[in-house]
2 protein chains.
Amino acid sequence: VIDPTDRGLTLGDGLFETLLWEGGLRHAPAHLARLAAGCATLGLPAPDAARAVRLMEEAVTQAGLSAARAAVRLTLTAGRGGRGLDRPAELDCQLFATVAPAPKPATPARLILSGVRRNEGSPASRLKTLAYLDNVLARGEARRRGVDEAVMLNNAGHLACAAAANLFWVDEAGALNTPSLGCGALAGITRARVLAAAEVREVAAPPEALTNARAVFLSNSLIGLRPVAAVEGRALVPWDGLPALERALA
Amino acid sequence: VIDPTDRGLTLGDGLFETLLWEGGLRHAPAHLARLAAGCATLGLPAPDAARAVRLMEEAVTQAGLSAARAAVRLTLTAGRGGRGLDRPAELDCQLFATVAPAPKPATPARLILSGVRRNEGSPASRLKTLAYLDNVLARGEARRRGVDEAVMLNNAGHLACAAAANLFWVDEAGALNTPSLGCGALAGITRARVLAAAEVREVAAPPEALTNARAVFLSNSLIGLRPVAAVEGRALVPWDGLPALERALA
């Protein structure tokens, strides 16, 4: 139960993490390290990692989803108080976990390029914050156009990421690319794992890089790596290097 | 009492209005019209205006602030549900009002230029949304630097607005200017009233326009018009046209 004056609700002042549960929490240390780094950026105290893990595990048990493939969401708010935008002198941060079933998508994703831009000039664009409305709007646009997910460009016109995933493509020369964090890409946990497992160029690229790509795929903690079947209606074939990359991440 | 899965909390999916109470709600029709326009942009149903007014008036009475100068905040959330970013088929929007004393600032404002950019490429930048974290970060930067308020540039490097106010300046030729909405400026109610009462140029301008200005002032529904005493440490004298503009708005 959340107070109606909680700054997480009134201002989006807080952070979240979405972890995969598959027989246990996957990559919890990486998620909690990212949360702590986000807290440092926002000026919030990082939650105790052991307590966060306990909250998430209890939430899975209480939801009866221990045997399922599930999404565990950990939410941290800046808590009540303050006058308008100013935070109070003493923070009253709230931490809680929710769980939902998360079957792995069975089909490749179809993408559009969204008209909603990513704010590359805010540190929040690299973080999973409670101020996720631009992503909601981009996804809504994708749904209205009958597809699965939206690619967001930044204000400079460069590719950033999808509404709820990072973006990779194989270019005409066969090289693997992803938007650099400076483009406003979310600092994804799976993105970092791909960068550690394969040779990937972090680039500032126009949308044509995607529409001219040999292959495109998405990454996030819940879907892992998901091939893309079409961008703006242009059909793409799956990348033959994807199964090997998935094995390298397993 | 808000559900922890309310999309207003988890994603910033919702809107708010801040109205001045001074013997009654000030400019309620304009605020509710802006809220309805914001709902249309976000794809949310606009709340019933009579119910919204009743909620706000009841909140003032219950807070014992009927005789005070007070800030009334009306918050609309997209409600519970949906999977991740996707909204549920049936929305469960929540509407509530909170009240706090709001004395008029007695001193002119001191400003800095924030490093947090405004997202001119999102329709949300023109709206008062629950995803207000960039504004929180900009204000926090101002407080750390010992001043009152932060000016936000957009990603093109043009002036947009302050963290919680619109921005006006008198240029060297004596003309009154404000950033255009296309720069990512909030569509302020007081801003619109100033534009109706005076000749104002809506412009895309670099930060030098502000640091070279003859005079600068801020506007919002709570402060009305507030003179600016300094921008980045450079002292400014109050604009001698400000009292006449205030009378024209009264």
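Reader: At what angle do the axes of helix H5 (residues 189–197) of chain B and helix H7 (residues 242–249) of chain B cross, and within what distance do they come?

Author: In this predicted model, the two axes cross at roughly 105 degrees and come within 10 Å.

Reader: Why are H5(B) and H7(B) called roughly perpendicular to each other?

Author: The label covers angles of 65 to 115 degrees. The crossing angle is roughly 105 degrees, so H5(B) and H7(B) are roughly perpendicular.

Reader: Which residues of H5(B) and H7(B) meet?

Author: From H5(B), Thr190(B), Arg193(B), Val194(B) and Ala197(B) take part, and they meet Leu245(B), Ala248(B) and Leu249(B) of H7(B). Sorted by class, this contact has five nonpolar residues, one polar and one charged.

Reader: What angle and axis distance describe helix H5 (residues 189–197) and helix H7 (residues 242–249) of chain A?

Author: These helices of chain A pack at about 105 degrees, and their axes are 10 Å apart. With 65 to 115 degrees as the range for the label, H5(A) and H7(A) are therefore roughly perpendicular as well. Where they touch, Thr190(A), Arg193(A), Val194(A) and Ala197(A) in H5(A) meet Leu245(A), Ala248(A) and Leu249(A) in H7(A).

Reader: How do you know that the copies meet through the same surface?

Author: Of the interface residues of chain B, 100% are also interface residues in chain A, so the copies meet through the same surface.

Reader: What makes helix H4 of chain B largely enclosed by the rest of the structure?

Author: A residue counts as buried under 20% relative accessible area. Nine of the twelve residues of H4(B) are buried, so this helix is largely enclosed. The buried residues are Leu133(B), Asp134(B), Asn135(B), Val136(B), Leu137(B), Ala138(B), Arg139(B), Glu141(B) and Ala142(B).

Reader: Which elements do the buried residues of H4(B) pack against?

Author: In chain A they pack against helix H1 (7–11), strand E1 (14–22) and helix H2 (28–42); in chain B, against strand E4 (109–113) and strand E5 (149–153).

Reader: How do you know that the span of H4(B) agrees with its number of residues?

Author: Twelve residues (133–144) at 1.5 Å a residue should span 16 Å, and the end C-alpha atoms are 16 Å apart, which agrees. Just after H4(B), Gly146(B) has a positive phi of about 80 degrees.

Notes
Residues are numbered from 1 along each chain as its sequence is written. Chains are lettered from A and ligands numbered from 1 in the order in which they are written. This is a predicted model: local features need pLDDT of at least 70, side-chain atom pairs count only at pLDDT 80 or more; totals for chains, interfaces and linings use all residues. Side-chain values use heavy atoms; hydrogens and water are left out. Helices (H or I, at least four residues) and strands (E, at least two) are DSSP runs, numbered from the N terminus. The expected span of a helix is 1.5 Å times one less than its number of residues. Buried means under 20% relative accessible area, exposed over 50%, partly exposed in between (1.4 Å probe, protein chains only). Contact means heavy atoms within 4.5 Å. Axes are lines fitted to C-alpha atoms, for helices over the stretch in contact, and angles run from 0 to 180 degrees between N-to-C directions. Angles under 35 degrees count as roughly parallel, over 145 as roughly antiparallel, 65 to 115 as roughly perpendicular and the rest as oblique. Ala, Val, Leu, Ile, Met, Phe, Trp, Tyr, Cys and Pro count as nonpolar, Asp, Glu, Lys and Arg as charged, and the others, Gly among them, as polar.
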